[in-house]
Amino acid sequence: MFEWLGNLMFPTETPNIAQSLITIMLAIGLGVFFGRVKVGKITFGVSAVMFTGLFLGHIGYRIDGSILDFIRDFGLILFVYGIGLQVGPSFFSSFKNEGLKFNLLAVSGVLLSGVIAFVLFKTTGLSIENLVGIMSGAVTNTPGLGAAKNTIEELRGAFPTKTFDDPAIGYAIAYPLGVFGIIAVIIVSKFLMKIDSTKEMQK
């Protein structure tokens with residue numbers, strides 16, 4: 001009687017559109033819920049959606065390929081669009097204060113990440129696709145992963161006989177360390193530099 005419900009809710013190797021949508025809603029819903037749970041004074045926010053997706057994928061949940069492509073591209077568009085709306089009004093005015101310094105630091109960070117990825121490519125034997133995914137995951141740069149996957153899709157069209165690795169694998173492996181590592185560095189830096197958050201907020 002409830003076989004349809006089991007087929008809808010439980011993982012399967014060949015999901016249909018309905019099962020794929022259920023999986024996406026599970027990942028988002030559970031991720032948002034766990035993202036609001038405090039561990040000490042820390043909450044993981046939307047990063048918890050990524051960890052929930054990793055867990056669901058590990059226990060066997062899958063998404064139909066066409067749905068996955070659409071959700072990935074549409075979600076990335078919404079993400080970048082939302083950031084633009086949030087930052088846009090103060091972007092140019094920020095250059096009058098410390099914005100130029102911050103932008104130069106950001107560009108330096110990206111260039112340094114690229115140099116490190118190139119050195120690892122030359123010394124470790126890992127493919128450049130995996131290293132781009134690792135670099136994007138290590139700095140939690142989801143748009144970087146999207147750009148890498150789009151580039152690989154274009155290259156597949158130009159070189160149909162060549163096999164390319166999926167950068168999403170390296171991204172998924174490095175992303176948790178990128179989140180926890182950044183949080184740990186902030187906590188340790190705050191302790192070593194004796195930073196008082198209340199005084200900083202007052203300033």
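## Overall picture

Take the contacts between residues at least 6 apart in sequence: in this protein, 61% of them join residues at least 24 apart. Keep in mind that we're looking at a predicted model here.

As for dimensions, the C-alpha trace spans about 65 × 45 × 35 Å along its principal axes. There are 203 residues in the protein, and buried ones make up 21% of them.

## Helix 2 against helix 3

A quick reminder before the numbers: two packed helices are described by the angle between their axes and the distance between the axes. Helix 2 covers residues 17-35, and helix 3 covers residues 47-58. The pair packs at an angle of about 130 degrees, and the axes sit 7 Å apart.

On the helix 2 side, the contact is made by Thr23, Leu26, Ala27, Ile28, Leu30, Gly31, Val32, Phe34 and Gly35. Helix 3 brings Ala48, Val49, Thr52, Gly53 and Leu56. Sorted by class, the contact of helix 2 with helix 3 has 9 nonpolar and 5 polar residues, with no charged ones.

## Ser20 and Ile17 in helix 2

Ser20 is also part of helix 2. With a relative accessibility of 0%, Ser20 counts as buried, because the cut-off for that label is under 20%. So what does Ser20 touch, leaving aside its neighbours within four places in sequence? The contacts are Pro15, Ile63, Asp64 and Ile67. For Asp64 there's a polar detail too: its backbone nitrogen lies 2.8 Å from a polar atom of the Ser20 side chain.

Ile17 has its place in helix 2 as well. Ile17 counts as exposed, at 52% relative accessibility; the label needs over 50%. Ile63 turns up again here: the C-alpha atoms of Ile17 and Ile63 are separated by 8.0 Å, with the two residues 46 apart along the chain.

## Helix 7 against helix 8

Helix 7 runs over 142-158, and helix 8 over 167-192. Their axes come within 10 Å and cross at roughly 165 degrees. Helix 7 and helix 8 are therefore roughly antiparallel to each other, the cut-off being over 145 degrees.

Helix 7 passes helix 8 in a right-handed crossing. Helix 7 puts Thr142, Leu145, Ala148, Lys149 and Ile152 into the contact, while helix 8 supplies Pro167, Ala168 and Tyr171. By class, that contact has 6 nonpolar, 1 polar and 1 charged residues.

Most residues other than glycine have a negative phi. Two spots are worth a look with that in mind.

Thr140 isn't a glycine, yet has a positive phi of about 50 degrees. Thr140 lies in the loop between helix 6 (128-138) and helix 7, and counts as partly exposed at 29% relative accessibility. Lys194, not a glycine either, has a positive phi of about 55 degrees. Its place is in the loop between helix 8 and helix 9 (197-202). Is Lys194 buried or exposed? Lys194 is exposed, with a relative accessible area of 75%.

Definitions and conventions
Residues are numbered from 1 along each chain as its sequence is written. This is a predicted model: local features need pLDDT of at least 70, side-chain atom pairs count only at pLDDT 80 or more; totals for chains, interfaces and linings use all residues. Side-chain values use heavy atoms; hydrogens and water are left out. Helices (H or I, at least four residues) and strands (E, at least two) are DSSP runs, numbered from the N terminus. Buried means under 20% relative accessible area, exposed over 50%, partly exposed in between (1.4 Å probe, protein chains only). A polar contact is a pair of N or O atoms within 3.5 Å; within protein, one must be able to donate a hydrogen and the other to accept it, and residues adjacent in sequence count only if both atoms are side-chain atoms. Contact means heavy atoms within 4.5 Å. Axes are lines fitted to C-alpha atoms, for helices over the stretch in contact, and angles run from 0 to 180 degrees between N-to-C directions. Ala, Val, Leu, Ile, Met, Phe, Trp, Tyr, Cys and Pro count as nonpolar, Asp, Glu, Lys and Arg as charged, and the others, Gly among them, as polar. Angles under 35 degrees count as roughly parallel, over 145 as roughly antiparallel, 65 to 115 as roughly perpendicular and the rest as oblique. A crossing is left-handed if the near helix is turned anticlockwise from the far one by less than a right angle, and right-handed if clockwise.
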